[in-house]
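Visitor: I have not seen this one before. Could you walk me through it?
Guide: Go ahead and ask as we look.

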Amino acid sequence: MSDSIFTKIIKREIPSEIVFEDDEIIAFNDIAPKAPIHILIVPKKQIPTLNNATENDAELLGKLLLTCSKIAKMKGIDERGYRVVINCNEEACQTVFHIHFHLIGGKQLGWSPD
Ligand code: 5GP
């Protein structure tokens with residue numbers, strides 16, 4: 001599998017604004033934010049889509065979700081509210097095929113799948 005753009009960010013081959021990192025996970029600001037806070041939470045393991053995650057990834061997926069709430073607290077939006085999104089494949093508008101959670105908040109969000 002060739003390196004995704006997110007793997008290139010993990011390897012510091014392209015720049016990003018990193019807000020969190022540990023052995024398994026990196027989180028950085030989205031380059032085209034949809035809200036005042038729009039952070040991508042990404043496993044260092046390159047899994048293309050949610051469909052490709054297996055039972056072996058269950059712990060990692062849990063850690064990714066907990067990292068979302070940790071960063072929401074860090075950014076002070078945990079009580080106000082925020083959204084966590086995974087886009088999977090074409091009809092959900094996935095563009096980077098390296099699984100990631102979008103953490104979106106910092107304003108009143110509407111609720112529409114469009
Ligand atoms: P997807 O559409 O796959 O769910 O989300 C991919 C996200 O990655 C988009 O919100 C897009 O703005 C973001 N993105 C794409 N390329 C880069 C990049 O080079 N750097 C950063 N920080 N974000 C990127």
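Visitor: What share of the 114 residues of the protein chain counts as buried?
Guide: 35% of them do. Buried means under 20% relative accessible area, exposed means over 50%, and partly exposed lies in between, with a 1.4 Å probe and protein chains only.

Visitor: Where do these numbers come from?
Guide: This is a predicted model, where local features need pLDDT of at least 70, side-chain atom pairs count only at pLDDT 80 or more, and totals for chains, interfaces and linings use all residues. Residues are numbered from 1 along each chain as its sequence is written, and side-chain values use heavy atoms, leaving out hydrogens and water.

Visitor: How many helices and strands are there in the protein chain?
Guide: Two helices and five strands, in the order α-β-β-β-α-β-β along the sequence. Helices (H or I, at least four residues) and strands (E, at least two) are DSSP runs, numbered from the N terminus.

Visitor: Which residues have the most contacts inside the largest nonpolar core?
Guide: Ile 25, Ala 27, Ile 39, Ile 41, Leu 64, Ile 71 and Leu 103, in a core of 16 residues. Such a core is a set of buried Ala, Val, Leu, Ile, Met, Phe, Trp, Tyr and Cys residues joined through side-chain atoms within 4.5 Å.

Visitor: Which elements supply at least two residues each of this core?
Guide: Strand E2 (25-29), strand E3 (37-43), helix H2 (58-74) and strand E5 (101-105) do. H2 gives the largest share, five residues.

Visitor: New topic: the ligand. Which residues are closest to the ligand?
Guide: 16 residues surround it, and the closest are Asn 29, Asp 30, Asn 87, Thr 95 and His 102. A residue counts as near if one of its heavy atoms lies within 4 Å.

Visitor: How far is a polar side-chain atom of His 102 from an oxygen atom of the ligand?
Guide: 2.8 Å. For His 100, an N or O atom of the side chain is 3.0 Å from a ligand oxygen atom, and a backbone N or O atom of Val 96 lies 2.9 Å from a ligand oxygen atom. A polar contact is a pair of N or O atoms within 3.5 Å; within protein, one must be able to donate a hydrogen and the other to accept it, and residues adjacent in sequence count only if both atoms are side-chain atoms.

Visitor: Is Gln 94 buried or exposed?
Guide: Gln 94 counts as buried because its relative accessible area is 7%. Gln 94 sits in the loop between strand E4 (82-85) and E5.

Visitor: And Glu 90, buried or exposed?
Guide: Glu 90 is also in the loop between E4 and E5, but its relative accessibility is 72%, so Glu 90 counts as exposed.
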